[in-house]
Structures are given as structure tokens and as C-alpha cells.
Amino acid sequence: MFIRSLPDEHIETVLSRGVFRSSERGETLFIQGEPCPGIHVVLEGWVKLYRIAPNGSEAVVGVFTKGESMGEPVALRQGTYPVSAEAATACTTVLIPGDALIQLIRRDPEVSISILASTFNHLHSLVSQLEQLKAETGAQRVARFLLELCEDGEDECRVTLPYDKVLIAGRLGMKPESLSRAFARLKDSGVTIARNHAEISDIRRLRGVVESDPADAWHR
């Protein structure tokens with residue numbers, strides 16, 4: 001998000017100061033409480049952000065993919081990470097040092113607009129997630145997740161689940177067994193799960209699940 005919103009003349013400058021890193025699935029990128037040296041941008045793959053609760057349970061805060069960035073406000077404050085990050089799949093990231101960004105902002109205030117826009121997008125995404133957790137059933141959340149993977153304009157599609165089902169459940173605020181039950185409920189709406197793929201025979205019908213009254217969705 002951050003790189004996409006930068007003025008074109010600054011993209012090469014920012015990337016030239018970046019530290020590129022390739023990580024295998026399960027590898028830790030940074031840990032909650034560590035000093036944050038800059039903004040992380042995902043170039044390929046998926047990265048999971050999470051927090052560990054006092055009882056030891058893991059809460060998934062977000063899952064980021066190609067073009068998305070993490071840590072803008074913390075990097076500029078030179079604070080510490082409020083979350084930990086782990087490679088959900090093999091991935092490539094680039095770390096843009098915070099001091100390089102501050103120097104760029106001083107030369108061109110338009111860069112600060114890009115950072116604000118990226119921060120707003122993160123906030124909007126978190127608000128949307130909270131709304132879904134409060135207002136939608138598990139089946140509706142899973143249906144929405146699958147629809148986000150579909151190509152626009154298609155009547156049916158076959159999608160690859162981008163990461164493992166345990167992480168999908170965590171991202172959607174569910175237990176793995178609840179995710180399995182949600183997949184089962186969606187079978188009547190034309191969804192078939194086979195290993196890491198989902199066959200969706202009627203996208204319009206699946207969209208109807210998301211838009212339906214939650215009380216009706218419990219019976220799907």
C-alpha cells in the first residue's frame with residue numbers, strides 16, 4: 001500500500017535504501033517489543049502478524065501479501081513493534097529504514113500523504129474485520145474470504161487457498177474446527193473444498209450468503 005501510493009519519482013529512491021530479505025515459511029521476521037527500524041513491504045508471498053496473549057494463545061492481527069506494508073506509524077515514531085511477524089508462506093520482503101523516510105518527508109511533504117493514506121487503509125481494514133467479527137456468522141466470514149479470492153466477472157471459479165487452514169481460521173477469528181463446520185455449511189451454496197483448493201460453482205449464490213441475514217446463515 002505504501003509503495004503504491006508514493007509519488008513515482010520517489011519509488012526508486014526508497015527501494016534503493018531498502019534491505020531485501022527472503023524468508024521460508026514459519027520464519028520470524030520480527031518480534032513484538034523489538035525496536036522497529038522501518039517499514040516492511042511484502043514483495044512476494046504472505047506474512048502473518050500476530051500477538052501472544054498472557055495465557056499463551058495466539059491472536060492473528062492480519063495477513064499481508066504482495067504490495068502491502070507494515071509498521072508505518074511505529075517506524076516514524078522509532079518505537080517498538082506492537083505485534084510479531086512470521087512468514088505464512090515462503091516470501092520476499094523489503095525493509096525501508098525509518099530515517100530514510102524521514103529524510104524524504106523533509107524534502108517532499110507529499111511523501112507524508114502517502115504514509116497517511118497507507119495508515120488509513122490499515123485502520124479501515126481493521127474496522128472492517130471488527131465489523132465482520134461482530135455482525136457476521138462464521139459461514140459468512142468464510143464466504144467473504146473465498147469471494148475475495150475470486151476473479152471479477154466470473155460465474156464460477158476454482159481458487160487456491162493462499163495459506164494453511166489454521167491461519168485462515170485465525171484470520172477470520174475462528175477455531176480450526178469452526179472453519180471446518182463453516183466449509184460444510186457452504187457446501188449447499190456450491191462450495192467444495194479439496195485440500196488447498198476451493199471449487200465455487202455459483203459465485204452469485206455465495207455472495208448471497210454474505211448479504212443474507214445472519215440468523216438465516218446459521219442454517220447454511
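The lining of the second largest pocket splits by class into eight nonpolar, four polar and six charged residues. This is a predicted model, and that pocket has a computed volume of about 340 Å³. Closest to its centre sit Glu58, Val60, Val166, Leu167 and Gly170, out of 18 lining residues.

Now for the largest pocket. Its lining residues nearest the centre are Gly62, Phe64, His122, Ser125 and Gln129. Helix H5 (110-135) hands over the largest share of the lining, eleven residues. Other elements giving at least two residues each include strand E4 (47-52), strand E5 (58-64) and helix H3 (72-77).

| Pocket | Volume | Lining | Classes |
|---|---|---|---|
| Largest pocket | about 1000 Å³ | 39 residues | 20 nonpolar, twelve polar, seven charged |
| Second largest pocket | about 340 Å³ | 18 residues | eight nonpolar, four polar, six charged |

On to helix H9, which covers residues 203-211 and has Ile203, Leu206, Val209 and Val210 buried. Looking down the H9 axis, the buried residues fall within an arc of 105°, so they line one face of the helix. Arg204 and Glu211 are exposed on the other side of H9. And what covers the buried residues? The cover includes helix H6 (138-149), plus strands E9 (157-160), E10 (191-194) and E11 (197-200). H6 turns up at the largest pocket too, with at least two residues in its lining. Back at the start of H9, Asp202 brings a side-chain oxygen to within 3.2 Å of the backbone nitrogen of Arg204.

Definitions and conventions
Residues numbered from 1 in each chain as written. Predicted model: local features only at pLDDT ≥ 70, side-chain atom pairs only at ≥ 80, totals over all residues. Heavy atoms only, no water. Buried < 20%, exposed > 50% of the residue type's maximum accessible area, 1.4 Å probe, protein only. Helix = DSSP H or I, 4+ residues; strand = E, 2+ residues; numbered from the N terminus. Arc of directions from axis to C-beta. Contact = heavy atoms within 4.5 Å. Polar contact = N/O pair within 3.5 Å; in protein donor to acceptor, adjacent residues only side chain to side chain. 1 Å grid on protein atoms, 1.4 Å probe; cavity = no way out; pocket = protein on both sides within 12 Å on 5 of 7 lines; lining within 4 Å. Points joined across faces, edges and corners; volume = space filled by probe spheres on them. Nonpolar A, V, L, I, M, F, W, Y, C, P; charged D, E, K, R; others polar.
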